[in-house]
Amino acid sequence: MERMLKILHYPDPRLAEVSVPVTKFDQKLHKLLDEMTETMYVADGIGLAAPQVDERIRVFIIDLGDQEGQPKKKWEFINPKLSNGEGKIVFEEGCLSVPGLTEEVTRKERVTLNYQDRFGKARKLEAEGLLAVAIQHENDHLDGIVFVDRLSPIKRRLAKRKLAKQVTL
Ligand code: CO
């Protein structure tokens with residue numbers, strides 16, 4: 001079993017920083033990916049981005065679990081680049097860095113993702129539905145954006161008040 005990593009919680013300022021590309025596809029990266037995977041499974045999340053565990057590099061992982069009609073799969077995305085966003089989808093999102101809060105966020109329904117795997121090999125994925133939502137949510141983390149930042153000003157204020165209350169309880 002891999003070591004569990006500590007997950008930073010919003011509004012930690014480190015979550016608002018922009019992450020840098022990965023240049024070395026080495027043992028250290030593989031170890032981080034394995035530890036992130038373990039951490040995501042134990043925390044019961046469907047996605048986790050490196051900056052959430054205090055590593056400001058452009059890496060995230062996703063595992064949607066058992067989806068109807070689709071085999072379970074764990075994705076690893078290094079240096080992802082989103083393009084060709086199409087359509088609209090509204091999904092009630094949560095985040096391991098924002099425990100106890102879920103809010104509806106509007107995203108693109110379909111996206112194309114160019115990325116590298118853990119060995120540096122270039123890959124391409126056309127994603128839709130929940131996978132596309134998860135990719136956009138995790139990709140936001142690499143640019144210092146948490147889903148709370150995507151809410152309307154009024155909803156964001158209410159969400160922040162809810163979160164502030166939580167901490168003082
Ligand atoms: Co998140």
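In sequence, the donor residues of the cobalt ion follow the spacing C-x41-H-x3-H. In this predicted model, the ion is coordinated by the SG atom of Cys95 and by the NE2 atoms of His137 and His141, at 2.1 to 2.2 Å.

An α-helix has 3.6 residues a turn, so residues three or four places apart point the same way. With a relative accessibility of 7%, His137 counts as buried, because the cut-off for that class is under 20%. His141 has a relative accessibility of 1% and therefore also counts as buried. Apart from residues up to four places away in sequence, His137 touches Glu93, Gly94, Cys95, Arg107 and Phe147. Cys95, one of these contacts of His137, is itself a donor to the cobalt ion through SG.

Helix α1 spans residues 27-43 and contains 17 residues. From its first C-alpha to its last, helix α1 reaches 24 Å, close to the 24 Å expected at 1.5 Å a residue. The buried residues of α1 are Leu29, His30, Leu32, Leu33, Glu35, Met36, Thr37, Thr39 and Met40. Just after α1, a positive phi of about 65 degrees is found at Asp44.

Definitions and conventions:
Residues numbered from 1 in each chain as written. Predicted model: local features only at pLDDT ≥ 70, side-chain atom pairs only at ≥ 80, totals over all residues. Heavy atoms only, no water. Helix = DSSP H or I, 4+ residues; strand = E, 2+ residues; numbered from the N terminus. Expected span 1.5 Å × (residues − 1). Buried < 20%, exposed > 50% of the residue type's maximum accessible area, 1.4 Å probe, protein only. Donors = N, O, S within 2.8 Å, 3.2 Å for Na, K, Ca; no water. Contact = heavy atoms within 4.5 Å.
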